[in-house]
Each structure stands twice: as C-alpha cells, then as structure tokens.
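Hello,

Here is the structure we spoke about. Please open it alongside this note; my findings follow below.

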Amino acid sequence: MSQSEAVFLLTTFTNMATSREAHDRDFIEAVTLEVYEVSFITNQTRDFSSKTGRDLLGTLCGFHPFIISVLLRKVSETIETVGKVCVYMFSGLPVHVWHPCSSDMDLIRSWLLKTDLTSPQHQLARYVLKNMNWGCDESGESSQLFLDRSWHRAVSVMLVEVSALRLPLRPGGIAHENFAADASFLQQVTQIATSSYNRLMQQNHEQTLYDWLWEVALQLRLHETDLPAPVMGFRQQTHPIDRTLEGKNT
C-alpha cells in the first residue's frame with residue numbers, strides 16, 4: 001500500500017467514526033485501534049503516517065473522548081513497540097476533555113510507582129495528569145468542576161505516594177531500606193527500577209519529578225475555597241446579630 005493510499009484510508013475510516021454516535025462504541029473503537037496500529041505499530045507504515053495518525057486520533061478523541069481510555073490501555077499493551085512515541089501521540093490528543101475511569105487511574109498510578117523515571121510509561125503518566133482539566137467545566141458552566149471532586153482527592157493521595165516512594169531522600173520520603181523486613185509490601189506498592197544513569201543524572205530526573213508533583217498538586221481543588229461557589233454549597237444564613245437587630249426593630 002502506498003503512502004497516499006494509507007493516508008486516504010485512515011482519513012476515510014476516521015470520518016466514518018466521527019459521524020457515529022457514542023452508542024456505536026464497537027465500531028469507533030475498531031477504527032481507533034486500526035489507526036493506531038497503522039500509524040504507530042506496523043513497521044511498513046508508521047514512519048510516514050505517525051503525524052497523520054496523531055492528528056486523526058486527536059480528531060476522534062475530540063468527538064469521542066472515551067477513546068483516550070482505549071488508547072491508554074493499548075499503549076500499555078504495546079509499549080515495547082511504540083516506546084517514547086506514545087508521549088508524542090498523546091500530545092496531540094485533547095486530554096482536557098477526558099473523563100477517566102478507575103482502571104485508567106490505576107494504570108497511571110502503577111506507571112508512576114513502578115516504572116523508571118525516564119521510561120515512556122512514566123513520562124506519559126506525568127503528561128496525562130498534568131494536562132487533564134482540573135478546573136471548571138469548559139462548556140461555559142463555571143459553577144461546577146469538570147472532574148468530580150473525588151478525583152481531585154484520589155490524585156492528591158497518588159501524588160503523596162509518588163513523592164514518598166520515588167523521592168526517598170526528599171522531606172517525607174521513605175527510604176527503600178525501611179521495607180527490607182517486609183519485601184512483600186514493597187512489591188505491592190512499588191518496584192523501584194535500577195537506574196543505569198549515574199547519581200548526578202538521577203538527581204536531575206528526581207528534580208524534574210519533584211517539580212512535576214508541585215505543578216499537578218497546585219492544579220487540584222482540595223480546599224473548600226478552591227471550589228466554584230455552587231460546589232462549595234454555601235447557604236445564605238442570617239447572622240445572629242442581624243436577627244437580634246431585626247427583633248428589636250419590630
């Protein structure tokens with residue numbers, strides 16, 4: 001298949017998928033996986049179709065945001081082949097319109113805790129969390145958060161885990177030696193990969209992670225005063241002094 005033919009077919013399939021309603025999920029997923037396969041996995045086509053594929057997947061996700069979950073799982077299955085290109089691919093997706101599910105966040109958490117700081121999985125997990133919409137609904141309704149408040153809390157706990165276990169020398173960090181007496185617990189929580197970089201390079205990677213943790217943490221709406229007014233649930237109440245004055249005036 002020539003380059004022009006491949007691009008034409010991918011574009012045609014994408015247009016068909018964007019014209020479908022969300023209930024036609026099987027067809028939309030099939031098209032998405034085909035575009036991903038041709039653009040980022042198949043040796044004969046990925047060199048010339050990765051940019052086109054990224055643009056088409058971005059269009060698909062704009063119409064059907066749930067596709068981002070499909071791609072996240074597919075990247076996990078094919079990470080050995082797609083490598084760091086997965087970050088390039090996701091940089092073209094509208095992550096800010098995505099509503100994740102629990103399995104998506106479990107996968108991201110696993111990558112953050114278990115993979116090397118320089119691995120494609122770790123970089124992708126950081127990119128996704130940083131670029132999700134932690135603010136208000138972009139539809140013009142500024143009265144509610146785009147993502148449920150429970151996600152803000154869950155991610156804040158995740159950040160504490162990452163900080164404690166991946167940055168053991170930072171304040172609040174947990175030295176790996178502390179788990180020596182209970183290796184099974186360490187295996188459940190994290191599997192720290194042995195870095196091939198020298199200590200100086202490792203410190204640079206840890207500083208990058210430290211900066212990222214703060215960037216994401218500052219986006220989360222954890223305090224009552226960070227929430228849009230209706231979400232805060234303030235009720236108009238008459239102050240006791242006002243009620244006293246009203247009684248005297250009557």
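Predicted model: local features only at pLDDT ≥ 70, side-chain atom pairs only at ≥ 80, totals over all residues.

Which residues of α1 are buried? They are Ala 6, Leu 10, Thr 14, Ala 17 and Thr 18. These residues sit on the same side of α1, because their arc around the axis is only 95°. The spacing has a simple background. An α-helix has 3.6 residues a turn, so residues three or four places apart point the same way.

The face away from the buried side carries Ser 4 and Phe 8, and both are exposed. Here, exposed means over 50% relative accessible area, while buried means under 20%.

The length of α1 also checks out. The helix runs over residues 3–18, which is 16 residues. At 1.5 Å a residue it should span 22 Å, and its end C-alpha atoms lie 23 Å apart, so the two values agree.

Next, the whole protein. There are 13 helices and zero strands. Read along the sequence, the pattern is therefore one α after another: α-α-α-α-α-α-α-α-α-α-α-α-α. The protein has 250 residues, and 40% of them count as buried.

Two more values for your notes:

- Take the contacts between residues at least 6 apart in sequence: 69% of them join residues at least 24 apart.
- The accessible surface comes to about 14000 Å², and carbon and sulfur atoms account for 52% of that.

Best wishes

Terms used. Residues numbered from 1 in each chain as written. Heavy atoms only, no water. Helix = DSSP H or I, 4+ residues; strand = E, 2+ residues; numbered from the N terminus. Expected span 1.5 Å × (residues − 1). Buried < 20%, exposed > 50% of the residue type's maximum accessible area, 1.4 Å probe, protein only. Arc of directions from axis to C-beta. Contact = heavy atoms within 4.5 Å. Areas by Shrake-Rupley, 256 points an atom, 1.4 Å probe, with all protein chains shown as cover.
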